[in-house]
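Morning, everyone. Please look at the sequence and the structure on the screen, and I will take you through a few parts.

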Amino acid sequence: MVMDNATAVFEFLLVGISNYPEWRDTFFTLVLITYISTLLGNGLIIFLILYDPHLHTPMYFFLSNLSFLDLCYGTASMPQALVHCFSTHPYLSYPRCLTQMSVSLALATAECLLLAVMAYDRVVAISNPLRYSVVMNGPVCIWLAASSWGASFVLTSMLILSLRLHFCGANVINHFVCEIITLIKLACSDTRLNELMILITGIFTLLLPFGFVLLSYVRIAAAVLRIRSAQGRFKAFSTCGSHLTVVTIFYGAAISMYMKPQSKSSLNQDKFISVFYGALTPMLNPLIYTLRNKDVKGAIRKVMVKRT
């Protein structure tokens, strides 16, 4: 990013919830509960997968990656929102703003790509169950997970390095955290190239992975319909229900945020949409996978029985 020396901005004021002071206590309580639930829920998922040998499968390997991502993603933004909640002047320095924004973008991108990888895992498991263990062997799983992480950092670096923004004194960010769209709207320079880069990056990180997930579920549906027994069809669909729920929540919120024309976006609306996918999704993921997954519930029962 480039800043004009004459009007250089070295810190930003985060509006957060200050526009609604009557909601400050409620907001703090909800974010605190959400963050604690995110830590406990995702930590529990990771522990159960490491603890129970029955969960040492490709599906749960990717789920443990997703839980670790959600732990990091929630930690990148929620503690800052809590600290600034009761601050009179919640300023954030320029380097911290840029760092927090980059980390959040990289983690969100990694989650988009990882959800697509998890869809591929389900396609192989249901469409070709006899060769599942051969196709999704250990090195392949590690390579797919590492590729998701690596690609996210490359795409995020390209987007951040392409930013060329001039700030003409305005330093008030109408958001809870530093977020790329609100930062671009704050700039007084021509941001059309930046908006184009967001669109191009969004195609690779949102639309293409989401399209791959949709095609994967078309193949899964076709394979399930070929199963003759109703019990077999239900079992096949039940292994995908949790993933499909998470995909709908995460991609739906992210696409509505980043893939619409910026001229039609509302800062207040975007601010609360980002809270939905940035705070609630990491909390809901372990809850969804626990409630809809017999293997995870079985692992919880084993831990409880062993401790009693």
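One definition to begin: helices (H or I, at least four residues) and strands (E, at least two) are DSSP runs, numbered from the N terminus. Now the ground rules. This is a predicted model, where local features need pLDDT of at least 70 and side-chain atom pairs count only at pLDDT 80 or more, while totals for chains, interfaces and linings use all residues. Residues are numbered from 1 along each chain as its sequence is written, and side-chain values use heavy atoms, with hydrogens and water left out.

The overall picture comes next. The protein has 10 helices and 3 strands. Read from the N terminus, the order is β-α-α-β-α-α-α-β-α-α-α-α-α. Of the 308 residues, 50% are buried. Buried means under 20% relative accessible area; exposed is over 50%, and partly exposed is in between (1.4 Å probe, protein chains only). The accessible surface is about 15,200 Å², and carbon and sulfur atoms hold 69% of it. Those areas come from the Shrake-Rupley method with a 1.4 Å probe; for residues, only the protein chains shown count as cover.

Now contacts, meaning heavy atoms within 4.5 Å. Take the contacts between residues at least 6 apart in sequence: 80% of them join residues at least 24 apart.

On to a helix pair. Two packed helices are described by the angle between their axes and the distance between the axes. Helix α1 covers residues 24-51 and helix α2 covers residues 58-85. Their axes come within 9 Å and cross at roughly 155 degrees. α1 is therefore roughly antiparallel to α2. Axes here are lines fitted to C-alpha atoms, for helices over the stretch in contact, and angles run from 0 to 180 degrees between N-to-C directions. Under 35 degrees is roughly parallel, over 145 roughly antiparallel, 65 to 115 roughly perpendicular, and the rest oblique. What does the contact of α1 with α2 hold by class? There are 17 nonpolar, 8 polar and 2 charged residues. Nonpolar covers Ala, Val, Leu, Ile, Met, Phe, Trp, Tyr, Cys and Pro; charged covers Asp, Glu, Lys and Arg; the others, Gly among them, are polar.

Last stop, helix α3, residues 94-127. Thr-109 counts as buried because its relative accessibility is 9%. Leaving out residues up to four places away in sequence, Thr-109 touches Ser-152, Leu-155, Thr-156 and Thr-205. Val-117 is buried as well, at 12% relative accessible area. With that same exclusion of residues up to four places away in sequence, Val-117 touches Phe-62, Leu-144 and Ser-148. Val-117 and Ser-148 are 31 residues apart along the chain, with 8.0 Å between their C-alpha atoms.
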